[in-house]
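Please look over the model shown below and its sequence.

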Amino acid sequence: MRETILVVDDDPGHLTTLKTLVGSWGYQVETADDGAAAAARVKQGPVDLILMDVRMARMSGIDALKEIKAYNPAIPIIIMTAYSSVSSAVEALKAGAYDYLIKPLDFDALQLSIARAREHAGLKAENRQLKAKLGAGFHADNIIGRSPSMKAMLDMLAMIAPAEATVLIAGESGTGKELIARSIHFNSPRRDNPLVVVNCAAITETLLESELFGHEKGAFTGADRAREGRFEQADGGTLFLDEISETSPTMQAKLLRAIQEREIQRVGGQQTLHVDVRIIAATNRDMTKEVAAGRFREDLYYRLNVVTLEVPPLRRRTDDIPLLAQHFLERFAVKNRKAVKGFSPQAMDLLLKHEWPGNVRELENAVERAVILMTGDYITEKQLPIAIAAAQDGPSPAQPGAATDTAAGPGNRPLETIAREAILAALAAADGNKSEAARRLGITRKTLHNKLKQYGEM
Ligand SMILES: Nc1ncnc2c1ncn2[C@@H]1O[C@H](COP(=O)(O)OP(=O)(O)OP(=O)(O)O)[C@@H](O)[C@H]1O
Ligand SMILES: [Mg+2]
């Protein structure tokens, strides 16, 4: 039996074109010329998929979508929207649309989206029973955060992960952008296919091109054999483009084409290759500023930010600090085989007061270091990095009557003692690897060697 697709548009011309086109792909096509008629049709009998315009004279596509979803949430709905109203696309995704397509329609993209939606619906039906058994739903257990801003972000994440939409993740360094990208992939229908990560800032423009698109044998000096690029490797899965703002104008033009057409060409190649990838991009810059300054193409920006996830900096969600600190404490206690009970109140106070310019990563590193250095049951302010401990309020060190715990704080001990601790901690963290420890400390291996000798550690 052929599947029924309901096409909804108030433009009779579009309706006819779509009916013929979608019908030619083997589907049974029905039409409706407004949202209310579509909602009424759904209540009369089974429909397998709906293709709907957003802007319609009587009932808007969004309202119809909400009504249909309330009646039968299992019907995948693909929304068609004008380029100028991407915000309504976001609204549609939030309301449960499966995908959105920008007008004028790219018919290949439409056919692909319909096929995927049908496959997805089938998978969903198959998985429903299993999921109910396991009590499984959206998994973001490894993302810690209960502050209102993180909760809002996680809600949005749960909503957009199963959709096909391109996502732009914006946030300061160390806020968890990569963790979020992974979570989107593993909560999407693409989870069993590869997640490929490319840091666009880490390599030069020429290398980046062959890295992303691959190259043919002999494309350039040293290309002694053909190699597939990251787009090809991510086929059927997700491509995470980290630090997207750092790409050159030429690269941006190439990316735009690849994302728009889902087509690529290897460097030195003639053949056009079709790739099925979902794109997630990340940046720690303010993209609207990059666009305004002419450093980032506006059209590429709009392609990428259909859905933007803003990850708040840690200093704006201090509620999450104790949770994260405890989470890292448990992890590093196990890793370092230490029986740690928790943080002293003074230490927690310092963690809460610190500004965390390096965000969650900085907190993670601070806790790891503290776990390595600690000797008692609790992490105290003594084990926290100098910068954090220095933020402590209280009697000035010069005052003779200063409380003893303050006087013993890292800011009040000889530099050499602190340096010794830092060096030993780095060495422990690097599992005794001296080159790695030196790298982490930002000193040469020779300096590290000399220091260790001086401390009588070797
Ligand atoms: N909400 C969170 N819950 C648990 N761990 C987190 C959270 N956010 C970040 N982390 C951890 O902090 C570290 C930094 O996160 P991640 O690499 O994802 O940040 P990023 O935003 O990509 O940083 P950068 O811009 O520097 O690349 C990782 O080890 C990650 O696992
Ligand atoms: Mg990152």
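What follows is an account of this predicted model, going from the whole chain to its parts.

**Whole chain**

The protein chain contains 20 helices and 16 strands. Of its 458 residues, 47% are buried. Among contacts with a separation of 6 or more, 69% are between residues 24 or more positions apart.

**The sheet containing β1 to β5**

Five strands form an open sheet in the order β2-β1-β3-β4-β5, and the pairing is parallel. Its edges are β2 (28-32) and β5 (99-103), each of which pairs on one side only. From one strand to the next, the twist averages 20°.

Strand β1 covers residues 4-8, and five of its five residues are buried. In a regular strand, side chains alternate between the two faces of the sheet. In β1 both faces are covered: T4, L6 and V8 are buried on one side, and I5 and V7 are buried on the other. β1 runs parallel to β2 and is joined to β2 by five bridges. V7 has T31 of β2 as its bridge partner.

Strand β3 (residues 49-53) and strand β4 (residues 77-82) also run parallel, with four bridges between them. Here I50 is the bridge partner of I77 in β4. Helix α3 (residues 61-71) packs on this sheet and touches β3 and β4; the direction of α3 makes about 160° with that of β3.

**The sheet containing β6, β7, β10, β13 and β14**

Another open sheet of five strands has the order β7-β10-β13-β6-β14, with parallel pairing. β7 (195-199) and β14 (307-310) are the edge strands, pairing on one side only. With direction ignored, neighbouring strands of this sheet are turned by 20° against each other on average.

Four bridges connect strand β6 (residues 167-170) with strand β13 (residues 278-283), and the two run parallel. One residue of β6, L168, has A281 of β13 as its bridge partner. Helix α7 (residues 177-186) lies across β6, β7, β10 (238-242), β13 and β14. The angle at which α7 runs to β6 is about 155°.

| Strand pair | Bridges | Direction |
|---|---|---|
| β1 and β2 | five bridges | parallel |
| β3 and β4 | four bridges | parallel |
| β6 and β13 | four bridges | parallel |

**Helix packing**

Two packed helices are described by the angle between their axes and the distance between the axes. Two pairs are described in these terms.

The axes of α3 and helix α4 (residues 86-94) come within 10 Å and cross at roughly 5°. Angles under 35 degrees count as roughly parallel, and α3 and α4 are therefore roughly parallel to each other. In this contact I62, L65 and K66 of α3 meet S88, E91 and A92 of α4. By class, the contact has three nonpolar, one polar and two charged residues.

Helix α13 (residues 320-335) packs with helix α14 (residues 345-353) at an angle of about 120°, and their axes are 9 Å apart. That angle makes α13 oblique to α14. The crossing of α13 past α14 is right-handed. On the α13 side the contact is made by I321, P322 and A325, and on the α14 side by M348, L351 and L352. The residues of this contact are six nonpolar, with no polar and no charged ones.

**Two single residues**

Is E368 buried or exposed? E368 lies in helix α15 (residues 359-373). Its relative accessible area is 11%. Buried means under 20% relative accessible area, so E368 is buried. Leaving aside neighbours within four places in sequence, E368 is in contact with F332, K335 and A429.

I443 sits in the loop between α19 (434-441) and α20 (445-454). With a relative accessible area of 29%, I443 is partly exposed. Apart from neighbours within four places in sequence, I443 is in contact with A438 and L448.

Methods: Residues numbered from 1 in each chain as written. Chains lettered and ligands numbered in written order. Predicted model: local features only at pLDDT ≥ 70, side-chain atom pairs only at ≥ 80, totals over all residues. Heavy atoms only, no water. Axes fitted to C-alpha atoms, helices over the stretch in contact; angles between N-to-C directions. Parallel < 35°, antiparallel > 145°, perpendicular 65-115°, else oblique. Left-handed = near helix turned anticlockwise from the far one by under 90°. Contact = heavy atoms within 4.5 Å. Nonpolar A, V, L, I, M, F, W, Y, C, P; charged D, E, K, R; others polar. Pairing = 2+ DSSP bridges. Buried < 20%, exposed > 50% of the residue type's maximum accessible area, 1.4 Å probe, protein only.
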